[in-house]
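Look at the chain shown here and at how its residues are placed.

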Amino acid sequence: MNPEEMDQKHQEGIKLMYTDEMSQDGAEILMELANLGHIDSIEQLVYVFLDQKDFDDAESYMNCAKDPNTPIILYLKAR
């Protein structure tokens, strides 16, 4: 999947996540993209897991980043 397709899929996942009946579908899209290293999806999922105090899952998604020194990943790790 190229970066543009990933960004479009990410937007679809965000929209689905914030509609009540489709939130699981949106989360699954973001999880799939995060596992491919999509930074925006990783960021969204980490915020969700940090809010839930699920630090293990938050860390596992941060570890999906291709470059662990990306500024947003460093920021999320600091949180």
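D7 counts as partly exposed because its relative accessibility is 38%, where partly exposed lies between buried (under 20% relative accessible area) and exposed (over 50%), with a 1.4 Å probe and protein chains only. D7 sits in helix α1; helices are DSSP runs of H or I with at least four residues, numbered from the N terminus. The model is predicted, so local features need pLDDT of at least 70 and side-chain atom pairs count only at pLDDT 80 or more, while totals for chains, interfaces and linings use all residues. Residues are numbered from 1 along each chain as its sequence is written, and side-chain values use heavy atoms, without hydrogens and water.

With three residues, helix α1 (residues 3-17) gives the most to the negative patch.

The largest nonpolar core holds 16 residues, and I42, L45, V46, A58 and Y61 have the most contacts inside it. A nonpolar core is a set of buried Ala, Val, Leu, Ile, Met, Phe, Trp, Tyr and Cys residues joined through side-chain atoms within 4.5 Å. At least two residues of this core come from each of α1, α2, α3, α4 and α5, and α3 gives the most, with five residues.

Y61 lies in helix α4. Two residues compare as follows.

| Residue | Relative accessible area | Class |
|---|---|---|
| D7 | 38% | partly exposed |
| Y61 | 11% | buried |
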